Amino acid sequence: MSEIDEAADPAALIEAYYDAGWTDGLPVVPPSDRSIAAALAATGLEGHEELGAITGRNAVVTAEKAAINAVMAGCRPEYMPVVVAAVKSLCAPAFAYHGPASSTGGSAIALVVNGPIARRLGINSGNNAFGQGHRPNATIGRAVRLIMMNVMNTRPGLLDRATLGNPGKYSFCFAEHEEDHPWEPLHVARGLRREDSAVTLIASNSLYQVYNHLAATPEPLLLCFADALGNVGTPNLLGFNETLIVFAGEHAEVLQKAGWSRLDVQRFLMEHTRRPVADYKRGARLPGAVTPEDETTWRYRFERPEDILIAFAGGRAGSWSACLPGWGTKWTRSVTTRIDPPSGGDTT
Amino acid sequence: MKLFDPTSKPVERAIKLAPRPASPRGLRLGLVENTKFNASPILEKLAERLAQRHQMTVTVRNRKRSASHEVDEAGIKALRAQADLVISGVGD
């Protein structure tokens, strides 16, 4: 362990972590030999073992550093397999860490947890799934951000250049509601088995909620989502990116009752989020004067149906769902990693 | 009680630097474009000026997969073999 100093007063210890520049702005839980050992034991790894690396920064995440940061975030030891899998996703080449971590776009790292571990840990998938009040949601996401800051050197103003950032940068973790799911859960859609546990990471710009209280059929409901996703101000214009849509109870029920599949929804949204080039030129999002051809030349937001990730979470009541627009274009891809307790799993 | 350091320092690795050219005259030029909006015009303008002033010639043009990605191995190999000077930068 890396011993720095001694202090007898718990409050002074918390201040010492602030003074060292090791917090995200909130007080941390001061780790102890015992709490770090418990967290490490839950990973099934030795402290020096590597979970992953960010090659462009020569940054290596060891199990010991992950454990220290997770304890600081407030994680219980049994949360560690999720944290380990999330770190593996961060370090996957497809995630291309540097862009989403450092960009002025200031993306949050959204974690979607699936499978038995989500239920075992009590990760909230229901009312207020994105909000406060649930320890695993709050602390697992926070642990990932602390690891990014402290181990991957992604500090605000230095290698985190976010213009505004977004509140999800403190912590953003929720589980999918797999019971009564209109389709197969997200991790199954991405190639894993239903009985697997998994975490999916997506670099997300600020989420926005989509409201529709009247739509009783899929088309008008999904037109609202298409309008939200295809806005002229979207940062994701120069290529194709991913987006995560989280349907809550009432909207999911509309789609389910109509017999729409996940692919039906994805195809509808692909088609209805396209806009003429002229729209983007009028908004100076594309250079040059508007030509007559621009009025009928379509620009698509998504390249493939599967680039629209769909999850099911949130309360049963309320006509709300959410879009989590992915950061960047093809610069980063969401990554799903199987959680293989106790030591994490394979990246897919 | 004690503090536990949650940070890691970058892993050090030896980097072999290419020998510095004695003169800019006649160098073979590599351009690494990061795919952002104005990257290519800026690089091409620089190359034009360098050709005028120092008789440099563009021998390699590399377009990265994205601004987030590093130059891939094949690209590095080509730059190493075919360029004396490489210009890279963000054009936004």
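Predicted model: local features only at pLDDT ≥ 70, side-chain atom pairs only at ≥ 80, totals over all residues.
**Stop 1**

Colour chain A by its domain assignment. Domain 1 takes 1–203 + 332–348, and domain 2 takes 206–325. Their C-alpha centres lie 28 Å apart.

Now select the contact between them. Domain 1 of chain A gives 20 residues, and domain 2 of chain A gives 16 residues. Which elements supply the domain 1 side of chain A with at least two residues each? Select strand 4 (108–114), strand 5 (173–175) and helix 8 (186–189) of chain A. Colour that side by class. Expect ten nonpolar, eight polar and two charged residues on the side of domain 1 of chain A that touches domain 2 of chain A.

**Stop 1**

Next, select strand 6 (residues 197–204) of chain A together with strand 13 of chain A. They run antiparallel and are joined by five bridges. For one bridge, pick Ser197(A): its partner in strand 13 of chain A is Ile339(A).

**Stop 2: helices 4 and 7**

Select residues 80–91 and 135–150 of chain A, which are helix 4 and helix 7. Their axes are 10 Å apart, and the packing angle is about 45°. That angle makes helix 4 of chain A oblique to helix 7 of chain A. The crossing of these two helices of chain A is right-handed.

Show side chains at the contact. Helix 4 of chain A brings Val82(A), Val83(A), Ala86(A) and Val87(A). Helix 7 of chain A answers with Ile140(A), Ala143(A), Val144(A) and Ile147(A). How do these residues divide by class? The contact of helix 4 with helix 7 of chain A has eight nonpolar, no polar and no charged residues.

**Stop 3: helices 9 and 11**

Jump to helix 9 (residues 218–229) and helix 11 (residues 262–272) of chain A. Their axes come within 9 Å and cross at roughly 50°. Helix 9 and helix 11 of chain A are therefore oblique to each other. Helix 9 of chain A makes a right-handed crossing with helix 11 of chain A.

Pick out Leu222(A), Leu223(A), Phe225(A), Ala226(A) and Leu229(A) on helix 9 of chain A. They meet Val265(A), Phe268(A), Leu269(A) and His272(A) on helix 11 of chain A. By class, this contact of helix 9 with helix 11 of chain A has eight nonpolar, one polar and no charged residues.

**Stop 4: a second sheet**

Zoom in on strand 7 of chain A. Four bridges join it to strand 12 (residues 320–325) of chain A, and the two run antiparallel. Pick Val210(A): Ser321(A) is its bridge partner in strand 12 of chain A.

**Stop 5: chain A meets chain B**

Finally, show both chains. The contact takes 34 residues from chain A and 16 residues from chain B. On the side of chain B that touches chain A, look for seven nonpolar, five polar and four charged residues.

Note on methods: Residues numbered from 1 in each chain as written. Chains lettered and ligands numbered in written order. Contact = placed C-beta atoms within 7 Å. Nonpolar A, V, L, I, M, F, W, Y, C, P; charged D, E, K, R; others polar. Pairing = 2+ DSSP bridges. Domains from an automatic or database assignment. Axes fitted to C-alpha atoms, helices over the stretch in contact; angles between N-to-C directions. Parallel < 35°, antiparallel > 145°, perpendicular 65-115°, else oblique. Left-handed = near helix turned anticlockwise from the far one by under 90°.
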